[in-house]
Amino acid sequence: MPAVQPAFPRSTVLGYPRIGPRRELKRALESYWEGRSSRQELDRVGAGLRERTWRRLAELGLEGLPSNTFSLYDHVLDTAVLLGAVPERYRRAEDPYFAMARGTQGLAPLRMTKWFDTNYHYIVPEVGPETVFALDAAKPLAEVRQARALGFETRPVVVGPVTFLLLSERGAAALDRLDDVLDCYAELLGVLAAEGVAWVQLDEPALVADRTAGELAAVRRAYERLGAVAERPGLFVAAPYGDLGEALPVLAATPVEAIGLDLVRGGLDGLAALAGAGSADGGPAGERSAGEGPAGRGPLAGKTVVAGVVSGREVWRTEPGRAAYALRVVREHTGDVAVSTSCSLLHVPYDVAAEPDLVPELRARLAFAEQKVAEVVELAHAAPSGPAVAPEPVGAPAPVAAGERGPYEVRAAAQAERLRLPLLPTTTIGSFPQTGELRAARAALAAGTLTEAAYEDLVRAEIERAIRTQERLGLDVLVHGEPERNDMVQYFAEHLDGFAVTRNGWVQSYGSRCTRPPILHGDVSRPGPITVRWARHAQSLTDKPVKGMLTGPVTIVAWSFVRADLPLRDVVFQVADAVREEVRDLEAAGVPIIQVDEPALRELLPLRRAGQAGYLEWAVAAYRRATSGAADGTQIHTHLCYSDADQILAAIDGLDADVTTIESARSGGRILGAVGGFGRGLGPGVYDIHSPRVPGTDEIEELLRETLKALPAGRVWVNPDCGLKTRTYEQVEAALGAMVAGARRLRAEPSPA
Ligand SMILES: CN1c2c(nc(N)[nH]c2=O)NC[C@@H]1CNc1ccc(C(=O)N[C@@H](CCC(=O)N[C@@H](CCC(=O)N[C@@H](CCC(=O)O)C(=O)O)C(=O)O)C(=O)O)cc1
Ligand SMILES: N[C@@H](CCS)C(=O)O
Ligand SMILES: [Zn+2]
């Protein structure tokens, strides 16, 4: 520590979007991966994006500029590289970083999964007893130096040691490597101090979930140890995405100089209790007037609370009364307060000004990243005040599930009679490659240079291509390929009342992949059928059954920015009713199988156990409301894609879908250990679609054998982990060819398994 630690800046953000306002990074990455441009060109684009960000943040008046929030793929993967946690098998790859992220033809990538309760995906580090940690600080140092050359002093942001280990493959068991990892962090602090860095931000979002006493002890040990480093920057530990709860007093008792609280998701009670506990000699904290905090006393003495009062998750303008109230309470309880966002702004688009098509009334209510920075700056300069907080919306009781469907056995018999499928039926998850031609055509349609009729001809031709490909490959249940959809959520939002969509509101989902989350701002209803004509067209091309393909209500809401004046549950039920109408129309059009995807069911699960059962109850009820109007002979499929499905398997079973297809291959088949009691048809994915790597038949056969050890053959479906939209036709044909061949080998055996 320097003799006098510079004060924490009055205003900051925990992180910023990095894909570029016009997805410049996406294009540079994909061009590099396809061999169309050099690594130098990619680095030049990255440097330009960082420069633009720092300049813009400074122009907007932000005092504390973060660095190392840029990433070429993922910030957790960057942290693994920082710590030297690169598994041996990737070290010989031409580009180890992208080999870990995306795999190579000979090497599967590291697992990828959801980042807390967001739609961002991180790469899961592998940390074993054999991992040799060794600091490689090149990236944060390069960013600090680049910013300094531009005239900006920055605060490097790094995933903290406890969160890094908890997010790794072995989870809490990896804390057995804490001391070794701390050696690297301690060294990093020394390197940054030598570079003249005043503050470092260590993100510890894992602390907003329930933690065991042992894990909290690890937190204490980590920050005692880092606090004791002789030459170091000020330590700012940020805890986005929820309430620190019992971790707050633990952190507060360590030497860290600043603590970042998410005051949008989290409450103020923990802070008040802590300040009260520390002011036993000075009377209750609430008796002090604003600005006269217990500086110099209690656990928060001498610390800065970085108050995350501007939401990094929503797109609504900050309600000034609510933020001012929170800031007033924080000021009452602590000596020093800075204003910030609740989490990184990674989850929101860049700029409302890039959305000329939005109606003025809606635009006026919105704040994207740039507007949020301006809000932080304004709140930091505003005089302390304390109007009342806006009341929480109060909802009606959740409508109960309409349980019209018969028992599973009755449905299964009716469906077997109608569909006459072979053992181990093969299918896909819905999307086929979204070709460059299709995407370009949609861009041209939006620009007015392609007619609706010409676009629809192209979609019909793509459906035919998908159907013919599946017939040729010998799949049993076909899909139309979803060529008419820009995205499985945005497409439905475009066809439902109550939503608006953006032109440039891109948000990174993983690597180079982005989505434009729709804005759900009013009551949701369905003006008319959405998918029926495409389903009809697809079925007209083949005698094989074609699945109708819908997105479920939880996922539509989870991947949208949602109005804040109604409880989430009520919004989801409105969407469920719209999906239910679409199911009814598909069924009336003779569609024999309808898939209603819920890949975001796990994502919305509250991070703390206390809220989980209540959430799952209404989320499952919403799904059943959407699907339970289907007749027994209509086969309902659902699809989920995340690696920790085993944690909510009972709820997935509760969806009561006849068939569930689920990610399994990328997560090392770990779902298989938990599915024994699963009551209906199940298709654990047999290959990872996120990687360009094509699996071989032997590999698929092996995975199927594993599946058949866990489930009776009569209930097993054969499918990839997820949809194929990010792949090329060449990759898809090879991979599905291997998949069908693998299934046929087992079918040919007298008794599979
Ligand atoms: C299944 N997943 C999804 C998630 N979230 C969603 N909202 N949707 C999902 O499907 N979360 C979990 C997983 C994994 N996530 C993703 C997320 C995103 C993609 C993906 O492939 N995204 C595309 C988006 C491109 C797009 O929508 N383009 C539009 C607009 C037209 C356009 O811009 N066209 C071209 C350029 C024009 C030209 O002349 O070439 C372009 O796309 O760049 C469209 O198609 O209409 C992406 O490329 O990032 C996959 C999995
Ligand atoms: N039906 C969708 C599900 C993705 S989670 C698809 O195949 O892309
Ligand atoms: Zn999926």
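# Questions on the loops, strands and helices

Student: Between which two strands is the loop that holds E663?
Tutor: Helices (H or I, at least four residues) and strands (E, at least two) are DSSP runs, numbered from the N terminus. By that numbering, E663 is found in the loop between strand 18 (659–662) and strand 19 (681–684).

Student: What kind of model is this?
Tutor: Residues are numbered from 1 along each chain as its sequence is written, with chains lettered from A and ligands numbered from 1 in the order in which they are written. Local features need pLDDT of at least 70, side-chain atom pairs count only at pLDDT 80 or more, and totals for chains, interfaces and linings use all residues, for this is a predicted model.

Student: Is E663 buried or exposed?
Tutor: A residue is buried if 20 or more other C-beta atoms lie within 10 Å of its own, exposed if 12 or fewer, and partly exposed in between; C-beta atoms are placed from the backbone. E663 has 27 C-beta neighbours inside 10 Å, so E663 counts as buried.

Student: UniProt places a "binding site" at H639, C641, E663 and C722. What is the largest C-alpha distance among them?
Tutor: The record is an unreviewed entry. UniProt positions are given in the numbering used here, feature names are shortened, and annotations may be inferred rather than shown by experiment. The four residues are spread over 84 residues of sequence. They still cluster in space, with a largest C-alpha distance of 8.5 Å.

Student: Which residues is C641 in contact with, leaving aside its neighbours within four places in sequence?
Tutor: C641 sits in the loop between strand 17 (635–640) and helix 23 (649–654). C641 is buried because 26 other C-beta atoms lie within 10 Å. Contact means C-beta atoms, placed from the backbone, within 7 Å. Beyond its sequence neighbours, the contacts of C641 are P599, E663, D721 and C722.

Student: In strand 18, what is the bridge partner of H639?
Tutor: Two strands pair if DSSP finds at least two bridges between them. Strand 17 and strand 18 run parallel and are joined by four bridges. In strand 18, H639 has as its bridge partner T661.

Student: Which residues of strand 18 are buried on its two faces?
Tutor: In a regular strand the side chains alternate between the two faces of the sheet. Strand 18 is covered on both faces. The buried residues are V659 and T661 on one side, and on the other T660 and I662.

Student: In strand 19, what is the bridge partner of V659?
Tutor: Strand 18 also pairs with strand 19, in the parallel sense, over four bridges. There V659 is bridged to G681.

Student: Which strands stand at the edges of the open sheet of seven strands?
Tutor: The sheet has parallel pairing and the order 1-4-5-6-7-8-9.

Student: At what angle does helix 6 run to strand 4?
Tutor: Axes are lines fitted to C-alpha atoms, for helices over the stretch in contact, and angles run from 0 to 180 degrees between N-to-C directions. Helix 6 (residues 138–149) lies across strand 1 and strand 4 (154–159). Its angle to strand 4 is about 160°.

Student: How are helix 8 and helix 9 oriented to each other?
Tutor: The axes of helix 8 (residues 178–194) and helix 9 (residues 213–227) come within 10 Å and cross at roughly 30°. Angles under 35 degrees count as roughly parallel, over 145 as roughly antiparallel, 65 to 115 as roughly perpendicular and the rest as oblique. The two helices are therefore roughly parallel.

Student: Is N68 buried or exposed?
Tutor: N68 lies in the loop between strand 1 and helix 3 (75–82). Its phi is positive, about 65°, although N68 is not a glycine. N68 has 26 C-beta neighbours inside 10 Å, so N68 counts as buried.

Student: What is the distance between the C-alpha atoms of D698 and A253?
Tutor: D698 lies in helix 24 (residues 697–710). D698 is exposed because 12 other C-beta atoms lie within 10 Å. D698 and A253 are 445 residues apart along the chain, and their C-alpha atoms are separated by 55 Å.

Note on methods
Contact = placed C-beta atoms within 7 Å.
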